[in-house]
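Thanks for coming, everyone. I have one structure to walk through today. Let me put it up.

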Amino acid sequence: MKREKEIRKILSEWFGILFTSDKVQEKEHSPAERSYTVLNLVIMFFVFSMAGWIWEVVLGAVKDGVIANRGVLYGPWLPIYGRGAVLILVLLKKFRSRPIAEFFAIMILCGSMEYFISWYLEIIHDGQRWWDYTGYFLNLNGRICAAGLLLFGAVGMAVVYAAAPRLDDLLKKIRPAVLLSIAVILVTIYVGDQICSTVNPNTGNGITYCTENS
């Protein structure tokens with residue numbers, strides 16, 4: 001029991017993860033000290049994934065004049081956004097009390113993730129890319145660019161200090177059993193989408209780009 005308490009304390013203090021919402025310290029109501037339950041993090045993953053999908057669809061419509069289902073998957077979600085938000089909340093908790101350090105840590109984390117995912121998708125899908133920053137200022141192999149990193153930093157800060165805490169407060173008002181049911185349904189659909197998209201990814205005009213060597 002003592003060892004379990006020590007593990008939970010480490011998870012809460014270092015990674016901001018709670019296994020129950022009970023006995024939350026008053027200081028944890030502040031964004032810098034707040035920890036999140038695993039269930040709430042799962043729901044947040046989908047909320048931010050869907051928010052990212054909406055953003056990209058609107059951006060594509062305004063910028064390119066094309067309304068397209070953005071992303072590798074077929075569902076209305078872009079997991080890179082949800083994954084980024086959750087990783088920021090979990091891995092960068094120790095930086096929250098130092099906003100400038102948090103900002104740069106977010107840029108490094110999200111930039112690394114975006115670069116790796118771009119490379120991985122291109123490798124397994126015969127040179128296809130779902131984004132390409134070639135021609136952008138300070139881009140690296142067309143996978144990441146300075147403007148994108150700055151945007152990640154700004155949006156990540158908004159997630160940490162505003163969006164996630166408010167969403168967490170909202171989720172705490174919903175019965176855990178209801179949240180669990182929603183999470184199970186979403187995860188089931190998401191896993192199915194991932195399996196389907198691995199074999200036959202979402203592609204097309206306004207969705208994918210091909211490299212010169214493909």
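Start at Tyr133. Tyr133 has 17% relative accessibility, so it counts as buried. Buried here means under 20% relative accessible area, exposed means over 50%, and partly exposed is in between, with a 1.4 Å probe and protein chains only. Tyr136 has 34% relative accessibility and therefore counts as partly exposed.

A word on what you are looking at. This is a predicted model: local features need pLDDT of at least 70, side-chain atom pairs count only at pLDDT 80 or more, and totals for chains, interfaces and linings use all residues. Residues are numbered from 1 along each chain as its sequence is written, and side-chain values use heavy atoms, with hydrogens and water left out.

Now the layout. The chain has six helices and six strands. These are DSSP runs, numbered from the N terminus: helices are H or I with at least four residues, strands are E with at least two. Along the sequence the pattern reads α-β-β-α-α-α-β-β-β-α-α-β. Of the 214 residues in the chain, 41% are buried. Take the contacts between residues at least 6 apart in sequence: 69% of them join residues at least 24 apart. Contact means heavy atoms within 4.5 Å.

Next, the aromatics. How many aromatic pairs does the structure hold? Nine. Rings of Phe, Tyr and Trp (its six-membered ring) pair if their centres lie within 6.5 Å; planes under 30 degrees apart are stacked, over 60 edge-to-face, and the rest tilted. Phe46 and Trp77 make a tilted pair, 5.6 Å centre to centre with 55° between the planes. Phe46 sits in helix α2 and Trp77 in the loop between α2 and α3 (79–91), so this pair ties together parts 31 residues apart in sequence. Both Phe46 and Trp77 are buried. Back to our opening residues: Tyr133 and Tyr136 form an edge-to-face pair, at 5.5 Å centre to centre and 75° between the planes. There is also a cluster, in which ring pairs link Phe45, Phe46, Trp77 and Tyr190.

On to helix packing. Helix α2 (residues 38–64) and helix α5 (residues 146–171) have axes that come within 11 Å and cross at roughly 130°. Axes are lines fitted to C-alpha atoms, for helices over the stretch in contact, and angles run from 0 to 180 degrees between N-to-C directions. α2 and α5 are therefore oblique to each other. The classes are: under 35 degrees roughly parallel, over 145 roughly antiparallel, 65 to 115 roughly perpendicular, the rest oblique. On the α2 side, the contact is made by Asn40, Ile43, Met44, Val47, Phe48 and Trp55. On the α5 side, it is Leu151, Val159, Ala163, Ala164, Leu167, Asp168 and Leu171.

Now Val66, in the loop between α2 and α3. At 22% relative accessibility, Val66 counts as partly exposed. Its C-alpha atom is separated by 6.2 Å from that of Gly206, 140 residues apart along the chain. Setting aside neighbours within four places in sequence, Val66 is in contact with Gly60, Ala61, Asn205 and Gly206.

Last, two backbone points. Most residues other than glycine have a negative phi. Asp126 is not a glycine, yet its phi is positive, about 55°. Asp126 lies in the loop between α4 (99–124) and β3 (128–129), and at 66% relative accessibility it counts as exposed. Leu138 is not a glycine either, and has a positive phi of about 55°. Leu138 lies in the loop between β3 and β4 (139–140). At 59% relative accessibility, Leu138 counts as exposed.
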